[in-house]
Amino acid sequence: MTISLNLPGDWRMHGICGEDPEMWFPGSNDQLGITAAKAACHNCPVIAECAKWALDTQQPYGVWGGMSEQDRAQELKRRQAPPRPRGRRDLKTHCAQGHEYTVANICLDHRGNRACVTCRKARNVRKLAAEKARRAEREAS
Ligand code: SF4
Ligand SMILES: [Zn+2]
């Protein structure tokens, strides 16, 4: 008999939220808590599996796979909407830099449009590096 190591639900054993599950269930209006949980998910090795599961099973509460209750509701609404004519921005499969819009690589910008997680991370790294350089310059002078 062959035993599959890819049993459904197996990914949960690798989630980093197991030790402090309460953090992933902030109140619906707790924006700080929601932001912190979403940020923590982006360090989780099973973010893609988790996001897919939460969307497929329409989890009503909590942050799953880097998505809040509101993010999931929006994504589900988008999935149910009839296809838009070609050429619309939200039909793109890749960001302007060529990164694929997979479930784990999509976040929402402040206008609610799809944005690329890889590009956002790279931007944050550049911002931090620039800030560090400026600080070093100030300290040297
Ligand atoms: S992606 Fe987030 S919610 Fe999902 S298992 Fe990882 S830490 Fe937990
Ligand atoms: Zn990108």
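Predicted model: local features only at pLDDT ≥ 70, side-chain atom pairs only at ≥ 80, totals over all residues.
Colleague: Start with the ligand. How many residues surround ligand 1, and which are the closest?
Modeller: There are 14 residues around ligand 1. The closest are Gly15, Cys17, Cys41, Cys44 and Cys50.

Colleague: Which elements give two or more residues to that shell?
Modeller: Those are α1 (31-41) and α2 (47-56).

Colleague: Now the core. Which residues have the most contacts inside the largest nonpolar core?
Modeller: Ile47, Cys50, Ala51, Val63 and Trp64. That core has 14 residues. Two or more residues come from each of α1 and α2. The largest share, 4 residues, is from α2.

Colleague: What does Trp64 touch, leaving out residues up to four places away in sequence?
Modeller: Trp64 touches Cys50, Ala51, Ala54 and Gln59.

Colleague: Switching to α1. Which of its residues are buried?
Modeller: Ile34, Ala37 and Cys41 are buried in α1. They span an arc of only 70 degrees around the axis, so they lie on the same side of α1.

Colleague: What covers them?
Modeller: The cover over the buried residues of α1 includes α2.

Colleague: And which exposed residues are on the face turned away from the buried side of α1?
Modeller: Gln31, Leu32 and Ala39 are the exposed residues there.

Note on methods. Residues numbered from 1 in each chain as written. Chains lettered and ligands numbered in written order. Near = placed C-beta within 6 Å. Core = buried A, V, L, I, M, F, W, Y, C linked by C-beta atoms within 7 Å. Buried ≥ 20, exposed ≤ 12 C-beta atoms within 10 Å, placed from the backbone. Contact = placed C-beta atoms within 7 Å. Arc of directions from axis to C-beta.
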